[in-house]
Amino acid sequence: GTPYYSDDGLRDKFLTKSYKALAKIRIRISPDTSSPTLAEVEADRVRSGEWMAAIEAEQVFEVVEEQEVRGQVYLKLARHPGWVFSRGIAGAWAGRSIVEPVSKRRPGRIMTPFDVMKRALVDGDDWDEEDFYGRDAAGQ
């Protein structure tokens, strides 16, 4: 796969890329369209709300690694177990792109629990998505 690297060429576990889902995408255990879904393997954790079963349409999510296999690009989720893929495999979305990059300028960064709280409690409607996702893990 292709993990994301910092400017010095070292793998940086904090660098991510942000994508938006164009359709609902079920989360898989491994980078394979025939892999079991997270909901099938970890039903208790999904039911409890600890883990998500799918990325919903229009939801922005972050990725720490990409793997391409036979024309399908698999995206490893950041801060959540599992993989999603970039092209639909059934129905109206079959063969079509089901994700789009949020920003092509540079990688985003992983939100810490403190970032989430600040965004929700302090910034509110003044939160600037371009400012947040336009910086890397070092704030540059």
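Mentor: The protein has a mean pLDDT (the predictor's confidence in each residue, from 0 to 100) of 77, and 63% of its residues reach 70 or more. This is a predicted model, in which local features need pLDDT of at least 70 and side-chain atom pairs count only at 80 or more, whereas totals for chains, interfaces and linings use all residues. Residues are numbered from 1 along each chain as its sequence is written, and side-chain values use heavy atoms, without hydrogens or water.

Confidence is highest in strand E7 (residues 83–85), at a mean of 95, and lowest in strand E9 (residues 108–109), at 50. Strands (E, at least two residues) are DSSP runs numbered from the N terminus. Residues 4–12 have pLDDT below 50, yet this stretch has 19 contacts (heavy atoms within 4.5 Å) beyond near neighbours in sequence.

We now turn to Glu 62, which lies in strand E5 (residues 60–69). Glu 62 is buried but has no salt bridge; Arg 79, the nearest side chain of opposite charge, is 4.2 Å away. Buried means under 20% relative accessible area, with over 50% called exposed and the range between partly exposed (1.4 Å probe, protein chains only). A salt bridge needs a side-chain nitrogen of Lys or Arg within 4 Å of a carboxyl oxygen of Asp or Glu; Lys and Arg count as positive, Asp and Glu as negative, while His and the chain ends are not counted.

What does the side chain of Glu 62 make with that of Thr 16? The two side chains form a polar contact, at 2.3 Å. Such a contact is a pair of N or O atoms within 3.5 Å; within protein, one must be able to donate a hydrogen and the other to accept it, and residues adjacent in sequence count only if both atoms are side-chain atoms. Thr 16 belongs to strand E2 (residues 15–21), and it counts as buried because its relative accessibility is 0%.

Tyr 19 counts as buried at 10% relative accessibility, and Phe 61 is buried at 6%.

Technical notes:
Helix = DSSP H or I, 4+ residues; strand = E, 2+ residues; numbered from the N terminus.
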